[in-house]
Amino acid sequence: MNSNEIDIHKELKKYFGFSQFKGLQEQVIKSILNKENTFVIMPTGGGKSLCYQLPALVQEGTAIVVSPLIALMKNQVDAIRSLSSENGVAHVLNSSLTKTEITQVKKDITSGLTKLLYVAPESLTKEEYVTFLQTVPISFVAIDEAHCISEWGHDFRPEYRNLKHIIKQLGSVPIIGLTATATPKVQEDILKNLDMVDATTYKASFNRPNLYYEVRTKTKNIESDIIRFIKLYKGKSGIIYCLSRKKVEAIAEVLQVNGISAVPYHAGLDAKTRAKHQDMFLMEDVDVVVATIAFGMGIDKPDVRFVIHHDIPKSLESYYQETGRAGRDGGEGHCMAYYSYKDVEKLEKFLSGKPVAEQEIGFALLQEVVAYAETSMSRRKFLLHYFGEEFDNETGEGGDMDDNVRNPKVKVEAQKQVVK
Ligand code: ADP
Ligand code: MG
């Protein structure tokens, strides 16, 4: 079967209930149905899952989906099962299954019932599974969060490096790589490591026209500056990211004392408190979450009106992900970062305790953050350029939505203490 014989719009409606594809989904799906190696780069929330779920559902054989997080896999499997009358349509294969469960999974795959098989990369290295998968028809292998293969990505997983070797043992099956990390370096690593430089690449724009980017020099008045800023957004939702747990606690308290409803969120709080604070934010019992980067994965609150970086992040990818949580509904999203060179030095010191290879990458990524903070050029243009995208402020959407474009200025350096 190829893409010409399948009415993918009909299938979209039938399985997912949507009447239209989002962004590049249609092209990607056609590419997969044509058995091409395919590389998909779309921002978070862009709709990457559907790109492999739909072709898996409408084709013969089982699609293998490699994903790094067990919790994520479980959610997806539950979601797929709810679209179909058959439980066996999607399965997870991992070390938590009992012998009986594994037998059932194998039976469903062999009978052709299972269209999507989610596996963690480490499970896929198991001889027993590989031997089994060699005996059944595989429609394609999808590698979600493909940036995990690159040391330049934000979430390097060494097990991802074995994938190419294992996939080869399955015969000639098309590979689909998907990621939200858009830097050219990571992309190159993915294509090389998966041995698919021939892949057709589909890259969505990373521009978020409704987000306003601003960088302010960090001074000792930062707390009153933040309070003043938040009071402009009375009753609206926002997130403040801090580097340390201690800072998170301190800022949350300062806000509370100043009449702003805020809760802290970091990995040092017990799971119950974390869940409670997250729910309070989602249910709007509280306006502001002050958090470390532990907060945000999978948080989909559409009306977050501002994201403040009390401290600069360690890379522009992190910055993009974190600011990306503002304005999901298309409405206003103010992204404010406070910058001081002292913070850069703190991050550098932190890096210097790491293995050399990691250090070098860490420093290089951090330098890009410094360049972003110190630039007098459009922040949006800078960010998008970092992601390999040329942006024209005259014609591009959101071209005037950053501080440097609104108030062009003579280059402002971070405040370095010059000792005479
Ligand atoms: P990503 O993996 O790129 O971050 P997801 O696959 O999780 O994104 O999808 C994000 C959201 O978009 C989901 O809620 C999904 O249901 C929705 N979505 C995907 N495709 C469509 C579509 N064609 N129309 C409407 N919503 C869609
Ligand atoms: Mg995804």
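Which residues are the closest to ligand 1, and how many surround it? That was my opening entry, and I noted at once that this is a predicted model.

**Ligand 1.** I counted off 13 residues around ligand 1, and the closest are F18, K22, G47, K48 and S49. Next I looked up where the shell comes from: helix α3 (residues 48–58) gives the largest share, three residues. By class, I wrote down seven polar, four nonpolar and two charged residues for the shell.

**Helices α1 and α3.** I stayed with α3 and checked it against helix α1 (residues 8–16). Their axes come within 11 Å and cross at roughly 100 degrees. An angle of 65 to 115 degrees counts as roughly perpendicular, so I put α1 and α3 down as roughly perpendicular to each other. On the α1 side the contact uses I8, E11, L12, Y15 and F16, and α3 brings L50, L54, L57 and V58. I sorted this contact into eight nonpolar residues, one charged and no polar.

**The sheet.** Then I traced the strands. I found an open sheet of seven, paired in parallel, in the order β3-β4-β2-β5-β6-β1-β7. β3 (90–93) and β7 (200–203) are at the edges with a single partner strand each, so one side of each has no neighbour in the sheet. From one strand to the next, the twist averages 20 degrees.

I picked one pair to follow: β1 (residues 38–41) runs parallel to β6 (residues 175–179), and four bridges join them. In this pair, V40 stands opposite L178 of β6.

**Over the sheet.** My last entry is helix α4 (residues 70–83), which lies across β3 and β4 (116–119) and runs at about 160 degrees to β3.

Technical notes:
Residues numbered from 1 in each chain as written. Chains lettered and ligands numbered in written order. Predicted model: local features only at pLDDT ≥ 70, side-chain atom pairs only at ≥ 80, totals over all residues. Pairing = 2+ DSSP bridges. Helix = DSSP H or I, 4+ residues; strand = E, 2+ residues; numbered from the N terminus. Axes fitted to C-alpha atoms, helices over the stretch in contact; angles between N-to-C directions. Contact = placed C-beta atoms within 7 Å. Near = placed C-beta within 6 Å. Nonpolar A, V, L, I, M, F, W, Y, C, P; charged D, E, K, R; others polar. Parallel < 35°, antiparallel > 145°, perpendicular 65-115°, else oblique.
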